[in-house]
Amino acid sequence: MIAVPIAQVADLAIRARLLNAAVMKTARSFVCLAALALLSPAPVGAQDAATPAAAFDAAKSWSSFVQLLHENYGYFDRSGIDGNAILAAFADRAKAARSDKDFIDVLQFVSHNFADPHFVVGPLDRGDWSVIPTASDLFGILDGRDFLIGEVRTGGEAALKGMRPGMTVVRIDGLSPRAAVEAVTGRPFTDLSPVQIGFAFNVALAGHRNQGRMIEIRDGRRTRTYTLVATNDLARRVEDGPLLETERQGRLGIIRINNSLGDHRLIDAFSKALASLADTDTVLIDLRNTPSGGNTSVARGIMGHFVDHDRPYQMHVIPYETRVLGPTRRFVEYVAPFGTRYAGKLYVAGGRWTGSMGEGLMIGFDAIGATTVGSDLAHLLGALSNETIEGSAAKVDIGTEQLFTVTGLPREAYRPQIYLAQAERTPEGDPVLGAIKR
């Protein structure tokens, strides 16, 4: 879902290149948007239309891609992910690609093996898998040998048709979950780590772009098949909807943000929404529908209403500078007072569809003293940059900045203070409201 106009992103990208040119000393285009305090939407460039390469050269393009990941990707190695082993598994296939389209397909396998929703290779076509979590309505888990539905997104067709946590997935578009995982990753199931299996299972549940899905489930002794529309329909519906919504429940005010953290109009909309709730005792900022995108200008425009002096809210580390130049570059970002300050109690909610800048707001609000509540978050890794590959039309979105809480905890390891196994609203109620009203 594109939350910032492409022209604006392009302008910021140009300025970012100029800002970093003296430091980077690299022939490859390196866009470090966060150097301008921007966390760009995910994905931006990888879904754009292809720009034809001058002359496709598989070996040269693979070398360029490998160099990019080694030098710039902030999450090349982590628990359950061996970057060099992944590259070795696909090197021969990539270098043997007969066309740029075949080459890009191999890079998409590589990106799925890194199990990072922020790592997207495009341009994407109809046959490619959906980009999660933006285009997804189910979160799945592997529990022993059973593939289960762990969470169902509020407002998605899966929820409307009655799918719920605990159901066992038998088949996805005719494939067993194991076979679907292999189709997403391009590797045998037995070669994959639990992290890779979990990610690929969720991609498979989201299905192919702009295509409906058939998911067969077992619920106790009953088996049935759900026919679901393409998850991109939900992403488009959210994009076309309101930036935010407000609600009152007695002395509690609720502001629900609808995946608009990259839209600068949200700064004013949020200020007005908060002003309309000025007479409440407590405000809940609901980030459970912010799966992608955002920038720190909008984030600081929101958090600024809840501080009376400058406060640190997240820490950045640039791996390129350590790996290539030597010295470590680490800096802390601050939020300053902005607009009218809200003096009541503040809760901030997140869940499986809280990603990118939504996750940044969760750790930021925690740092400035709010009470966070919800489940595990979407785990979109790092601050996003869009890169090009020499000799190919491939566009690669990856996290080129590692992000941490102000105390040094990796953002992807953060859990809300009031932790819930499941955070999505259901017909039976809202677990977040239940937790904060206890």
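**What I am working from.** The model is predicted, so I note that local features need pLDDT of at least 70 and side-chain atom pairs count only at pLDDT 80 or more, while totals for chains, interfaces and linings use all residues. Residues are numbered from 1 along each chain as its sequence is written, and side-chain values use heavy atoms, with hydrogens and water left out.

**Salt bridges.** I took a salt bridge to be a side-chain nitrogen of Lys or Arg within 4 Å of a carboxyl oxygen of Asp or Glu. The general idea is that side chains of opposite charge can pair when their charged atoms come close. By this rule I have a count of 18 salt bridges.

I looked up the partner of Arg 265 and found Asp 263, with the closest N and O atoms 2.6 Å apart. Asp 263 counts as buried, because its relative accessibility is 16%.

Next I looked at Asp 281, which forms a salt bridge with Arg 251; here the closest N and O atoms are 3.1 Å apart. Asp 281 lies in the loop between α9 (265-276) and β11 (282-289), and Arg 251 in the loop between β9 (244-249) and β10 (252-258), so this pair ties together parts that are 30 residues apart in sequence. For these names, helices (H or I, at least four residues) and strands (E, at least two) are DSSP runs, numbered from the N terminus. Asp 281 is partly exposed at 42% relative accessible area, and Arg 251 is partly exposed at 46%.

Arg 300 and Glu 333 also meet in a salt bridge, at 3.4 Å from N to O. Arg 300 is in helix α10 (residues 296-303) and Glu 333 is in strand β13, so the pair ties together parts that are 33 residues apart in sequence. Arg 300 counts as partly exposed at 26%, whereas Glu 333 is buried at 10%.

I also noted a network of salt bridges that links Glu 247, Arg 256, Asp 286, Arg 288 and Asp 430.

**Strands around β12.** Which strands pair with β12? I counted two strands as paired if DSSP finds at least two bridges between them. β12 pairs with β13 in the antiparallel sense over seven bridges, and with strand β17 (residues 395-404) in the antiparallel sense over three bridges. I followed His 316 across both pairings: it stands opposite Phe 331 in β13, and its bridge partner in β17 is Leu 403. Six of the eight residues of β12 (residues 311-318) are buried, so this strand is largely enclosed by the rest of the structure.

**Nonpolar cores.** I treated a nonpolar core as a set of buried Ala, Val, Leu, Ile, Met, Phe, Trp, Tyr and Cys residues joined through side-chain atoms within 4.5 Å. The largest has 57 residues, and those with the most contacts inside it are Trp 62, Phe 65 and Met 163. Helix α7 (residues 194-206) gives the largest share of this core, eight residues. A second, separate core has 34 residues, among them Ile 257, Val 335, Val 348 and Ile 363.

I then listed contacts of Phe 65 (heavy atoms within 4.5 Å). Leaving out residues up to four places away in sequence, Phe 65 touches Leu 87, Leu 107, Val 110, Phe 119, Ile 389 and Val 396.

Most residues other than glycine have a negative phi, and most peptide bonds are trans. I looked for exceptions.

- A cis peptide bond joins Gly 122 and Pro 123, with omega about 5°, and Pro 123 lies in the loop between β3 (120-122) and β4 (138-143).
- The bond from Ile 132 to Pro 133 is cis, with omega near 5°; Pro 133 lies in the loop between β3 and β4.
- Asp 173 has a positive phi, near 50°, in the loop between β6 (168-172) and α6 (177-185), and is partly exposed at 37%.
- Ser 356 has a positive phi, near 55°, in the loop between β14 (345-350) and α12 (357-367), and is buried at 2%.

Terms used:
Buried < 20%, exposed > 50% of the residue type's maximum accessible area, 1.4 Å probe, protein only.
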